[in-house]
Amino acid sequence: MIKKNTKKIEILFFVLLVLIYFLITYLLIRQRYSLWFDELFTQLVAKSDISKTIILIVGDGKPPLYFLLVKIYSLFVGTNSDILLRLSSSILGVPFIVYVY
């Protein structure tokens, strides 16, 4: 039984290392390109004060949870860097991939 659990932990660790590798590679490649429209909108929402953020989210018609999480994230790391903005969606996406796996 212990051997079975050890094997699962090894597989999960390997998957996590692969995800981290692809995350870093993705961010480095994307850094060469300017922000896309949806990323610019996310940056606008993150830079806005809370009342304008709510107005922008309601007017957009997309699910608001992502934008609220990015707003909270931006309070801690700021919104001046493109890579930090892109990192927010990557931080939210990697645990989902692990969960689905």
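Which element gives the most to the lining of the largest pocket?

## The pocket

It's α5, with eight residues. The largest pocket has a volume of about 340 Å³, counted as the space filled by probe spheres set on grid points joined across faces, edges and corners. A pocket here is an open set of points on a 1 Å grid over the protein atoms alone, where a 1.4 Å probe fits, with protein on both sides within 12 Å along at least five of seven lines; lining residues have an atom within 4 Å of a point.

In total 20 residues line the largest pocket, and Tyr26, Tyr66, Arg86, Ser89 and Ser90 lie nearest its centre. Two or more lining residues come from each of α1 (2–30), α2 (37–47), α4 (64–77) and α5. Helices are DSSP runs (H or I, at least four residues), numbered from the N terminus.

## Valine 98

Valine 98 sits in helix α5 (residues 82–100). At a relative accessible area of 27%, valine 98 is partly exposed, that is, between buried (under 20%) and exposed (over 50%), using a 1.4 Å probe and protein chains only.

Setting aside neighbours within four places in sequence, valine 98 is in contact with Leu12, Leu16 and Leu19; contact means heavy atoms within 4.5 Å. Leucine 12 is 86 residues away in sequence, yet 8.3 Å away C-alpha to C-alpha.

## About the model

This is a predicted model, with local features needing pLDDT of at least 70 and side-chain atom pairs pLDDT 80 or more, while totals for chains, interfaces and linings use all residues. Residues are numbered from 1 along each chain as its sequence is written, and side-chain values use heavy atoms, leaving out hydrogens and water.
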